Amino acid sequence: MRSLLVGLTLIVIAIAAPRMAAQKVELSIDASEPGAKIDRNLFGQFAEHLGHGVYDGIWVGSDSTIPNTRGIRNDVVAALKAIHVPNVRWPGGCFADGYHWRDGIGAQRGVRLNPDWGGVIEPNTFGTHEFMDFIDQIGSEAYVSVNLGSGSPHEAADWLEYMTAAQATTLEKERAANGHPAPYKVAWLGLGNESWDCGGNMTPEYYLDRMKIFSRFVRNYNPEQIEKDQMLKIAVGPGGGEQRWTDWTETVMKAYQQHTWSWDINGLSMHSYTVVKWPPAFKSAGFGEDEYAQILKTTLDMDDLIKKHSAIMDKYDPQKKVALVVDEWGSWYAPLPGSNPGFLVQQNSLRDAILAALNINIFARHADRVRGANIAQMINVLQAMILTDHEKMVLTPTYYIYKMYVPFQDSTFVPVTFDAGRYKHSDFTLPRVDAMAAKSKEGKLWVEITNVDPHQAAEVELTVTGINAKSAVGKTLTAPKVDSVNTFEAPNIVVPKPISARAQGGKLILQLEPKSVTVVSVEQ
Ligand code: AHR
C-alpha cells in the first residue's frame, strides 16, 4: 500500500512539474567550404604498463580461461576493432623512460619492478612481439616511445633495428628466431616522455641536445617505410601553459627552424589532463552538478593551451610541418576507494563522454596543426574506453563517443556557425552547445552537436547550403544523470540511441536531450 502511494505521488509530481521549453539553436553549415583534414590519428589511444591497463586489460596469457588469441583477450580486441583505433602509444608514459626492451623479448623475460605505478612486479610477459600482435589484431598502428631518460641512444637504435630491419643483421635474425621474420611497422616514434619531469627532469636545452642524438641514430629500416609512409618522430613538448612550458616549446621549435639534414622531428607532444588541481580530488562517480560544470569548464582550457603553443610553433614553422600531438589527455580524478592509488582506477560517466566530445571538437578545429591525440588511457586506467574485471568487460560512455565519431576519421573539416548560448551553474558559465561538422572520405556530411546543459533540451534548426539536405539520421548519447555510469552489472545505462531529424521549411530540425552528444549524417 505504502509503495502504491509513493508511486502515485511520483506520477502526480511528474505530471505537475513544468517541462522546460527546449532552447532553440540555429546552426548553419556551408558544405561547399571544406577546411583541414581531421586526421584519424586524433583518435589515438594510450596503453601504458600501469595498473591493469596492459595486464588483465589486454594481456591474460594463452593459458587463461578468458577467451584469448595468443594471450590477448578476444572481447577487448572485438570492442577496439569497432572504434577503428588508428594508433596505440606504448609502453608509456613515465614507464617508457625506465623500460628496457630486451626484458620483453625471448623465452626468458626480465622480471622487474614498476616503481612509477604502485611498485608492483613487472613480469614483461607483454613485450614487443605481444604489443605488435595486439596492434595487428585490432587493426591499428604502433606509436612506440623509446627510453630517452634512463636508456641510451644505442639501446633505442638497437630496438628499432630489431623491430624494423629486413636485411639479415644479427638483430633481424633474433627477431625472426623469436617468431616474426617480417619487419614490423613503427608508424610513430616518441623521443622520450615528459622529460621535464618523470622522464629525467631535464632542462629544455639538455633535452634538445639529447633528442637530436636520438633523432639521428634511432632509425627505421623497414623498406616499406623508407620512402613513403615514413615513421614520424615526436619530440617531448609542453605539459601546460606556464612559462616553463612555453620556454620548452620555444627552445625545441627554434632549434627545429635551423635543423640540418642530420636530425628532424615531425611532431611535438603536448600533455594536458582535466584535473582542476593536483593531486586529483574530484570523484569519478557519485558527484553532482557543481562538479559536472567545473570539470567541463576546466576541460575547455584545452583550446587556449593549443592556441598558445600553436602560436609559438607558427613563429618557427609557419608551414605547419611539425604536428602538435596531444598524446596524453583526458580526465584525471581521485582513485576509486579501495583501489591501489598507483593504478589510477576511476569510473567513467556521462560527464566523461561529453568531455571527450568537447575535446575532440577542439582538436578538429585546430586540425591544421593538431594531427595526433591519444586519450589516456585505453583500458582500466584514467579516462578509459573499457573496464575489465577478470572475465568481465564493460564499455564506458567515452567508448561510445569514439564509436560515434568513427566517420570523422580522415574527414574534412567543414565550418559551422551557431550561437552557443550559455549554461550557467554556480560560479561556472560555459557554452551551452558545441558543434562540429565534416565531410567523410565517402563525401557524406556528418554533424556533431553537444548539448552541455543538463536541464534544458535543445531544438536545433540546421540549415545546410552547398548540398540538398533532405534528412539526417544518427545516434545520440545521454543518460538519466550527469554521473550515470555503465557497470558490469548494468552495462547499458549510457549507450547511444537512434535519432533522426525532420525536414521543415528547408531546414532540418533535431530535438536534443539535455546533457547529450549527437552525431548525424545528412542525407541528400
Ligand atoms: O598517464 C599517466 C601518466 O601521466 C603518464 O605516465 C605520464 O606521462 C603522465 O604524467
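## Close-up views of a predicted model

View 1. Together with V111 and L113, I121 forms a nonpolar patch on the surface, and the accessible area of the three residues together is about 320 Å².

**View 2. The disulfide between C94 and C198.** A disulfide is a covalent bond between the sulfur atoms of two cysteines. Here C94 is joined to C198, with a distance from S to S of 2.2 Å, and the count for the model comes to 1 disulfide. The pair links distant parts of the chain, 104 residues apart: C94 is found in the loop between β6 (87-90) and β7 (112-114), whereas C198 is found in the loop between β10 (188-191) and α6 (204-217). Because the torsion about the S-S bond of C94 and C198 is about -95°, the disulfide is left-handed. Are the two cysteines buried or partly exposed? C94 has a relative accessible area of 14% and is buried, while C198, with a relative accessible area of 30%, is partly exposed.

View 3. Strands of a sheet pair through backbone hydrogen bonds, either parallel or antiparallel. In this open sheet the pairing is antiparallel, and the 7 strands follow the order β2-β17-β21-β22-β28-β24-β25. The edges are taken by β2 (37-38) and β25 (497-500), each of which has a single partner strand, so one side of each is left without a neighbour in the sheet.

View 4. Strand β21 (residues 433-439) pairs with strand β22 (residues 445-451) in the antiparallel sense, over 7 bridges. Within this pairing, D434 stands opposite T450 in β22, and A435 stands opposite I449 in β22. Strand β17 (residues 411-414) also runs antiparallel to β21, and 3 bridges join these two strands; V414, for instance, has A437 in β21 as its bridge partner. Because 6 of the 7 residues of β21 are buried, this strand is largely enclosed by the rest of the structure.

**View 5. The turn of the β21-β22 hairpin.** Which residue in the turn between β21 and β22 has a positive phi? The two strands form a hairpin with 5 residues between them, and in the turn it is G443 that has a positive phi, of about 90°.

Methods. Residues are numbered from 1 along each chain as its sequence is written. This is a predicted model: local features need pLDDT of at least 70, side-chain atom pairs count only at pLDDT 80 or more; totals for chains, interfaces and linings use all residues. Side-chain values use heavy atoms; hydrogens and water are left out. A disulfide is a pair of cysteine sulfur atoms within 2.5 Å. Helices (H or I, at least four residues) and strands (E, at least two) are DSSP runs, numbered from the N terminus. Buried means under 20% relative accessible area, exposed over 50%, partly exposed in between (1.4 Å probe, protein chains only). Patches are made of residues with over 30% relative accessible area and no salt bridge: like charges are joined within 9 Å, nonpolar side chains (Val, Leu, Ile, Met, Phe, Trp, Tyr) within 5 Å. Accessible areas come from the Shrake-Rupley method with a 1.4 Å probe; for residues, only the protein chains shown count as cover. A salt bridge is a side-chain nitrogen of Lys or Arg within 4 Å of a carboxyl oxygen of Asp or Glu. Two strands pair if DSSP finds at least two bridges between them.
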